[in-house]
Amino acid sequence: MPLVKGTLDVLVLKTLSWSPMHAFEIAKWLEERSGGRLSVEDAALMQALHRMEERKLLEAAWGVTENGRRARYYRLTSAGRAHLRAETKRLSEYVDALTSVLNSRTANA
Amino acid sequence: MADPRLPARARRLFRLESRSADATLADADAELSSFLEARVDDLVARGMPPEAARAEALRRLGSAPGYDVRGRLRGSARRRDRRLGLREHREAVAQDIRVGLRRLGKEPVVAAVAVLTLALGIGTNTAIFTVVDDVLLRALPVPRPHALVAIGKVTAVDGHTTGDARPDLFSVPLYHDLRDRARTVSGLAASGTTGRLDVRLTDGGEVERPNGRFVSANYFDVLGVGAERGRVFGAADEGAPGSSPVAIVSDAYWRGRLGGASDVVGRDITVNGVKLTIAGVARRGFGGEIVERSTDIWIPIDMQPALEPHSAPITSRGTCWLLLLGRLAPGQTLAGARAEFTSLVRRMIVASEASPERAARFQQAVVPVVSGAQGFSAVRRSFRSALVTLQAGVGVLLLIVCTNLANLVLARAAARGPEMSLRMALGAGRRRLVRQMMTESAVVGALGAAVGFAAAWWGSRALVAAATAGGASGVARVSWPVLAFTLVISVGATLCFGLVPAFLASRSNVASPMRSLGRTVGGTRGGGRIPIGRLLVPLQVALSLVLLTGTALLAHGLQRMETQSMGLDRDHLLVAELDPARRGIDSTTFLALTNQLTARIAGVPGVQAVTYSMNGLFSSHESTALVAIPGFAGRTSDDSILPFDLVGPGYVHAIGGTLLRGRDLDTRDARGQPSVAVINVAAERFYFGGGNAIGKVIYFDAGIPTTVVGVVDDVRDHSLNGPDVRRAYVPYAQEVGDAGVPALVLEIRTRADPAAIVAPVRAAIASVDAELPIVGVRPLGELVRESIRQERLLVTLAFVFGLASLLLAAVGLYGVMSYAVTRRTGEIGLRSALGASRAEVLRLVLGDGLRMVALGIAAGVPATWLAARALRSQLHDVPATDPVSVVVALGVLVACATVAALVPAWRASRVAPAVALMSER
């Protein structure tokens with residue numbers, strides 16, 4: 001499924017809350033965790049990472065992967081952590097509200 | 001191989017270089033390819049063959065045609081780095097400011113002194129410039145002011161003469177002639193002085209005295225000023241005298257005195273007893289064409305006879321009272337207008353003069369035609385030189401302030417030497433250090449500018465009020481040029497005292513200050529470089545010398561002017577100005593009035609003598625006449641003009657003048673008797689070549705032969721400066737019918753202080769005629785002092801600035817010497833231990849300080865000489881190289897400097913050797 005607009009950032013932040021990762025790792029993680037249901041466009045992901053770095057939600061530094069390749073690792077800042085918490089809460093509430101509207105008994109349910 | 005888990009802040013501290021554009025692009029490309037490689041590895045690990053994996057990876061990346069992944073990534077990376085860089089920069093500056101404020105807060109006294117000193121320098125400059133801008137630079141607030149031309153003597157704002165036509169102040173008939181004929185201007189307006197206007201805004205309300213002006217009907221049209229309410233004057237307002245009883249008020253007057261009432265249009269007011277209707281309110285911000293005065297009410301010229309019935313008739317070509325303003329027609333220039341008006345005025349006057357000799361005078365008359373952009377001003381010319389002097393003086397003061405502050409910054413920077421070196425060793429760039437030090441200076445600069453600006457706001461108003469005796473209103477508004485000026489000098493001053501020391505401090509060699517960390521405060525020892533502080537003190541001394549000498553010269557000039565002999569009994573004269581015309585006194589009742597007044601006042605205890613005259617002493621009125629003298633041929637038309645005054649009997653003796661030859665005027669010189677006159681020495685010398693004038697005949701205007709019966713020593717009766725003026729004194733009794741409307745000033749000589757009998761004199765006048773308007777009764781000394789108000793103000797200000805500069809220089813000297821003494825504590829201790837006496841140490845240190853002062857004085861002499869020459873025009877009777885002033889200035893400077901240097905020297909001489917040597921370790 002393509003991502004609902006505006007949810008990429010919070011997903012990335014959540015992913016990085018486990019540990020610092022580089023771009024490909026994040027993409028793979030999201031695919032695996034969602035059981036293949038969420039597909040992220042590579043370019044969109046990398047641009048989103050740049051954006052969040054600019055907003056100081058993330059920090060980046062070059063590192064080395066297990067395969068010995070150079071990769072740019074991203075990690076959460078405390079601002080990012082706070083943003084993750086807030087956005088998660090907001091999204092959950094939204095989904096709750098959606099669910100209660102959509103699940104209510106209607107004539108055509 | 002940086003560990004990505006290392007805190008980024010720590011990394012940044014040690015890696016301060018900013019990212020270049022290339023590095024950003026390379027970074028983005030590297031990230032992209034690393035992503036690709038990672039995917040390929042992943043696919044291969046899952047069993048795909050390498051080439052297929054690569055193709056799949058590329059496909060997944062979305063390399064659709066036209067979708068430039070790399071470009072997009074580069075773009076987002078560039079934006080990221082740019083914004084991050086800006087943010088970092090902003091945070092660094094904010095941090096610098098915070099640190100700067102904290103450091104200043106830790107030493108509040110130093111900070112306060114620095115801010116106040118800078119505020120003094122900036123505030124004085126801004127205050128003077130505000131006045132300069134308003135009086136000298138600013139144009140009238142009308143559309144296209146530079147297309148206006150002013151015709152006439154622009155300083156004669158309240159000019160009003162009777163007798164002859166003039167080429168520089170115009171009569172109403174002459175104005176009409178010019179208006180109908182002039183082609184270089186598309187419109188020609190006239191404006192003239194009102195006398196005192198007694199205005200009642202409501203029936204039975206109080207009498208007010210607003211500033212008024214009589215103007216032509218096209219005045220507002222020519223200037224391009226519209227109405228905010230109602231209308232302005234138009235063609236309909238011109239007609240027969242008294243036919244347009246309307247007035248226009250200014251916006252300020254409407255808001256102020258009329259309460260901004262919305263029913264102002266159509267309201268009736270009473271002016272000099274005549275009912276006028278307010279036809280409109282002029283556009284906001286317009287206060288007339290006179291720069292230093294805010295006009296409150298404009299009245300058509302045609303109403304003048306109704307409002308001032310006892311004044312000279314304005315239909316006469318001899319009543320000259322109008323100044324003209326015209327707007328250049330398209331394609332015309334000021335030079336063209338000047339040529340046209342010069343020829344027109346000459347032609348019109350010549351054509352209307354009855355006698356050919358009088359007409360001949362005007363063939364070559366000079367008609368003043370200048371740009372009207374700055375309107376008219378009675379004070380501009382006299383203010384100009386004083387203002388320029390003041391502006392230069394405060395400029396010098398600001399320089400001294402900057403050197404003082406530079407010293408201060410240097411001293412503090414030297415104290416931070418080791419810290420700077422440590423920072424540089426840890427990788428801080430030189431630019432960053434300089435920026436940090438500059439920020440602290442900038443904070444002081446900003447605070448000083450703010451305080452100075454506020455002080456200037458108040459100060460410039462006070463200055464103008466003092467200079468014009470409170471008469472000027474609406475002057476000293478803050479404007480863009482003033483703000484820009486303040487900004488420029490603030491930034492300039494801050495750079496001056498902040499940047500140079502910052503650069504010098506950050507240039508210090510890294511190793512040596514750290515080595516001396518354990519030593520006393522102070523940095524490099526010797527090193528062959530002269531600390532800047534030792535150069536700044538002589539500079540301050542030199543600048544102070546310039547200011548002090550200038551002050552001394554001005555003060556001496558003023559003193560000479562005030563104490564010169566005036567040719568009359570200055571301290572025992574009381575001058576009472578009356579307004580008999582308004583009371584309805586005319587030529588028939590005039591003499592009876594004067595006889596009664598002199599008799600009554602002579603009876604007041606303390607009065608030695610009483611006399612009277614038409615123009616009075618130190619008043620703004622003067623009369624002149626055209627004279628013809630057998631045997632005398634003048635070179636220019638001015639040579640035939642003789643200022644005179646109509647006086648009562650016994651005038652010379654009553655005012656305390658010195659009669660050199662012949663006799664005084666007395667009661668036998670009455671109407672019908674042979675015409676006589678007393679002239680002064682200057683007139684005798686000029687017209688009779690140094691020979692005896694007694695018995696000689698002078699022909700005044702109408703050709704009546706007047707015999708000279710007395711010669712009096714020159715009397716300074718109108719101003720303290722300026723050359724001696726020729727003057728004649730003619731008996732009032734003989735001329736009273738021809739003098740037009742009689743004016744009357746009483747001169748009363750007293751035995752004691754004239755101020756003591758002001759009240760009895762007023763009572764005496766009232767007892768003769770209680771309704772007779774008294775304009776003022778004042779001692780002559782007061783009038784004289786007021787006439788030199790500007791000069792006195794200038795000297796007062798010069799004193800203040802001179803004192804300030806002296807104080808600053810002394811503080812600067814003290815500071816530098818204290819610092820030097822502290823640095824040399826070890827050396828001094830050594831000397832004492834080796835047997836130097838206290839006196840020797842004192843001499844050593846004092847000599848050091850005085851050497852700097854001597855250097856400063858030597859350096860300041862040429863500048864002082866130049867400044868003195870520039871002041872020449874303002875010095876009354878004092879040469880530019882006046883030795884007294886120079887000696888006084890030098891003496892004060894040296895005395896002050898010696899005291900300033902003495903304190904640290906004395907402290908040095910008391911240093912105990914043991915303490916000094918221990919502190920060395």
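Among contacts in chain A (heavy atoms within 4.5 Å) between residues at least 6 apart in sequence, 50% join residues at least 24 apart. The model is predicted: local features need pLDDT of at least 70, side-chain atom pairs count only at pLDDT 80 or more, and totals for chains, interfaces and linings use all residues. Residues are numbered from 1 along each chain as its sequence is written, chains are lettered from A and ligands numbered from 1 in the order in which they are written, and side-chain values use heavy atoms, with hydrogens and water left out.

Chain A has four helices and three strands. These are DSSP runs numbered from the N terminus, with helices being H or I of at least four residues and strands E of at least two. Along the sequence the pattern is α-β-α-α-β-β-α. The C-alpha trace of chain A spans about 60 × 30 × 20 Å along its principal axes. Of the 109 residues in chain A, 41% are buried. Buried means under 20% relative accessible area, exposed over 50%, and partly exposed in between (1.4 Å probe, protein chains only).

Helix 1 of chain A (residues 8–16) has seven of its nine residues buried, so this helix is largely enclosed by the rest of the structure. The buried residues are Leu8(A), Asp9(A), Val10(A), Val12(A), Leu13(A), Thr15(A) and Leu16(A). Their cover includes strand 1 (21–22), helix 2 (23–33) and helix 3 (42–54) of chain A. Strand 2 (58–64), strand 3 (70–76) and helix 4 (78–103) of chain A also contribute to that cover.

The contact between the chains takes 30 residues from chain A and 31 residues from chain B. The buried area is about 2900 Å², with 54% given by carbon and sulfur atoms. This area is the accessible area (1.4 Å probe) that two parts lose on being put together, summed over both. The interface holds 10 salt bridges, each defined by a side-chain nitrogen of Lys or Arg within 4 Å of a carboxyl oxygen of Asp or Glu. One of them joins Glu54(A) to Arg83(B), with the closest N and O atoms 2.4 Å apart. On the side of chain B that touches chain A, the elements giving two or more residues are helix 1 (8–14), helix 2 (21–45), helix 3 (50–61) and helix 4 (69–106) of chain B. By class, this side has 13 nonpolar, two polar and 16 charged residues. Ala, Val, Leu, Ile, Met, Phe, Trp, Tyr, Cys and Pro count as nonpolar, Asp, Glu, Lys and Arg as charged, and the others, Gly among them, as polar.

Further along chain B, helix 24 (residues 780–787) has Leu780(B), Gly781(B), Leu783(B) and Val784(B) buried. These residues cover an arc of only 160° around the axis, which puts them on the same side of helix 24 of chain B. The arc is that of the directions from the helix axis to the C-beta atoms. Strand 13 (573–578) and strand 23 (774–779) of chain B are included in what covers these buried residues.

Arg727(B) lies in the loop between strand 20 (705–712) and strand 21 (728–731) of chain B. Arg727(B) is buried, with a relative accessible area of 3%.

Thr193(B) belongs to strand 2 (residues 185–193) of chain B. Thr193(B) counts as buried at 9% relative accessibility. Not counting residues up to four places away in sequence, Thr193(B) touches several residues, including Val157(B), Phe214(B) and Trp321(B).
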